[in-house]
Amino acid sequence: MRLLPVLLLAALAACMRGATPDQQAGLPAVRHDEHVSAGGAAPKAVRWQNPYQRDKRAADEGAKIFTAMNCDGCHGGAGAGWVGPSLADGRWRFGGADGELFQSIYYGRPHGMPAYGGLLLAPDAVWKLVTYIQSLEPPADVPTEAWQ
Amino acid sequence: MTGRGAGALALLLGALGPVAARAQEAGEDGQWTMPARDYAATRYSPLAQINVANAGRLRPVWTFSTGVLGGHEGQPLVVGHTLYVVTPYPNVLYAFDLTQPDYPLKWKYRPDVDPNAVGIACCDAINRGAFYAEGKIVYNLLDGRTVAIDTATGKELWKTKIADLAQGETTPVAPFIVKRRVIVGASGGEFGIHGWVKGLDLRTGRLAWTAYNMGPDSEMLAWPGTWRSFYEKRSDLGVTTWPKDAWAHGGGPVWGWMSYDPRLDLVYYGVGNPGPYNPEQRAGDNKWTASVLARRPDNGALVWAYQFTPHDNWDYDANAEMILADLPVGGEERNVLVHFDKNGFAYTLDRATGEVLVAEPFVHVSWARRVDRSSGRPVVDSTKLTGASRGNVKDICPSLEGGKTPAAPAAYSARTGLFYVPTNNLCMDYQAVTATRIAGTPFIGANTPYHAGPGGHLGAFIAWDAARGRRVWEIEEPYPVWSGVLATAGNVVFYGTLDGWFKAADATSGRLLWKFKVGSGVVGNPIAYTGPDGKQYVAVYAGIGGDWFLLAGDVRSDDPADVRAPADFIRDIARHTSQGGMVWLFAL
């Protein structure tokens with residue numbers, strides 16, 4: 001199932017010559033669901049768009065990168081959650097919009113989410129991961145666990 | 001406890017005034033100054049006020065919320081009349097004054113721990129406790145540092161970086177102190193670390209030696225003249241039993257419990273799994289992973305080693321405690337080391353040489369038929385070998401949770417001659433895939449779903465005769481038993497359950513004497529001590545956690561952004577418990 005790791009790493013390194021996100025129009029918007037804007041006005045930010053939105057092939061490639069980059073080792077198979085939070089429950093600590101997911105993966109998050117941007121993953125590969133994660137359908141009954 | 005320790009205690013008691021006299025009556029017996037109470041790692045308390053006749057009248061006398069969720073492994077310490085508690089990440093240290101009504105805090109110490117450690121710690125942000133020596137409480141912060149805290153003031157005396165998060169190393173293990181050497185290790189068997197133990201100076205925290213668990217003899221501190229293995233004569237086994245350079249990322253973590261024989265001057269500890277889980281990436285025995293190592297505390301020199309699971313195919317870490325006892329084996333009194341391995345065999349070894357005297361399964365075992373006494377090697381069932389080319393290998397028992405989890409130590413009572421052991425009744429399927437090592441990310445390469453073993457219950461608490469290699473009695477439990485054990489001179493044994501019960505049983509018969517629901521599942525280790533009032537107390541943590549392989553995450557309620565389905569094999573555990581962190585004290 002897994003891509004040949006060496007080939008994959010080489011391919012990713014090749015894409016790295018493209019623009020890094022900082023050099024584009026600015027930092028992406030990060031809006032947690034829980035964020036409250038003081039005074040009711042949100043600060044200005046750029047809204048980043050996933051170039052692969054709902055693209056099935058990009059999602060499939062993202063799924064392969066997800067195992068090749070050992071994401072599954074922390075987030076569980078199919079992102080169901082392990083030491084890292086579930087990515088398949090439709091709920092987010094740092095937001096599920098395109099730019100928010102991009103930031104989580106590219107720059108990392110404080111409680112042990114490694115930053116993959118730079119050496120390992122070029123922006124294109126990160127967008128494929130975002131597409132894969134957004135393709136994970138949360139089960140209908142997430143809020144309730146019933147035993148009978 | 002050492003003479004030096006006793007001196008420090010006398011000073012401490014002097015400061016306490018009127019209670020000192022009574023405390024001295026209680027003497028060393030009334031304290032619990034190191035994780036397993038003694039160097040032999042027996043977890044046996046000589047206190048006998050609580051006995052088989054009155055244990056049914058135990059009642060809770062005090063509780064404290066640690067303010068932290070996450071698995072509360074490890075155990076409190078009682079030194080003089082102070083109770084010390086270390087929490088899981090963020091590793092707060094509390095010191096409670098047992099001489100005052102309501103046991104108020106003397107101080108609390110809040111270290112600045114790198115939150116990144118939470119994601120790098122494979123299985124939960126747990127801590128296995130502290131060690132007391134020479135007026136210091138010494139313990140590890142999860143992010144790879146060891147600290148020493150002054151018991152009088154709560155102030156930090158030294159802090160030493162021992163491990164590297166960026167390489168996947170974290171440090172939940174309890175330090176072990178012998179003769180002014182603080183011996184520490186690191187977790188990371190799922191992250192492709194190069195496993196080691198280090199010896200620090202108790203006074204200054206300075207690094208004195210580093211000994212790797214695999215690699216060339218020079219790095220393993222396996223010196224000619226000192227090093228002799230009972231079954232292996234060749235040199236550089238830590239290199240030659242691996243493909244080229246694979247040992248350098250081959251795992252071999254140290255996260256369990258240590259013991260020490262003062263007569264032989266040997267420290268014993270278990271080494272964890274080789275990485276990755278896909279064994280085809282590391283042909284060979286992979287020495288000395290899944291092994292017990294015996295070293296000199298002063299300079300770390302390796303004296304002997306024995307590998308329980310050569311070329312481990314099943315994540316059978318050998319980090320469980322090595323309990324030292326003197327037992328009649330085959331009609332002869334022997335100085336032995338007893339070890340309940342994840343691989344399902346209970347081993348009785350000669351602790352001077354590492355020779356196998358007894359090795360019998362203590363749970364249902366399907367991966368091996370027996371252990372061959374002449375070679376010391378298991379006789380493996382080849383249909384249970386795993387690897388990326390072998391597809392999904394079914395029904396391997398025990399599961400990688402182990403016949404017993406190394407996290408939950410057994411106890412030994414010289415009074416009954418029996419070992420008291422928490423066990424899992426779990427089997428697994430094992431589908432290996434090729435894994436890539438990327439520093440700071442998992443290096444695993446296997447999917448390993450569990451199912452219940454024979455009988456359908458998921459665990460049992462058992463009594464084991466290590467001289468003969470047989471089970472004497474058992475208490476079946478619906479869930480895996482993940483707490484450590486306390487044995488006492490009152491002939492009562494204590495353990496806890498994942499569904500939140502704390503239990504007392506008759507050490508001879510296994511009859512249940514008492515149980516109490518402590519709220520959250522128990523994965524910590526009970527202790528006994530004498531209070532300033534001269535009474536016997538029993539302390540234990542409640543606080544389920546410690547393994548996201550075992551607990552799917554539906555026992556959590558603290559994060560609205562992380563909601564998970566239950567694990568198939570243990571669907572109803574969250575019906576009975578949820579996370580929490582409590583210290584409980586019980587007395588008559």
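B:Arg564 and B:Asp562 pair up through their side chains in a salt bridge, 2.8 Å from N to O; the term covers a side-chain nitrogen of Lys or Arg within 4 Å of a carboxyl oxygen of Asp or Glu. Both B:Arg564 and B:Asp562 are buried, which here means under 20% relative accessible area, with exposed being over 50% and partly exposed in between (1.4 Å probe, protein chains only). Keep in mind that this is a predicted model, where local features need pLDDT of at least 70, side-chain atom pairs count only at pLDDT 80 or more, and totals for chains, interfaces and linings use all residues. Residues are numbered from 1 along each chain as its sequence is written, chains are lettered from A and ligands numbered from 1 in the order in which they are written, and side-chain values use heavy atoms, leaving out hydrogens and water.

Now look at B:Asp285. Its side chain meets B:Lys287 in a salt bridge at 2.8 Å, N to O, and B:Arg377 in another at 2.9 Å. B:Asp285 sits in the loop between β16 (266–270) and β17 (291–295), and B:Arg377 in the loop between β23 (368–371) and β24 (378–380), so this pair ties together parts of chain B that are 92 residues apart in sequence. Strands here are DSSP runs (E, at least two residues), numbered from the N terminus. B:Asp285 is buried at 14% relative accessible area and B:Lys287 is buried at 3%, while B:Arg377 is partly exposed at 33%.

Zooming out, the structure holds 32 salt bridges over all chains. Buried residues make up 68% of the 588 in chain B.

Technical notes:
Helix = DSSP H or I, 4+ residues; strand = E, 2+ residues; numbered from the N terminus.
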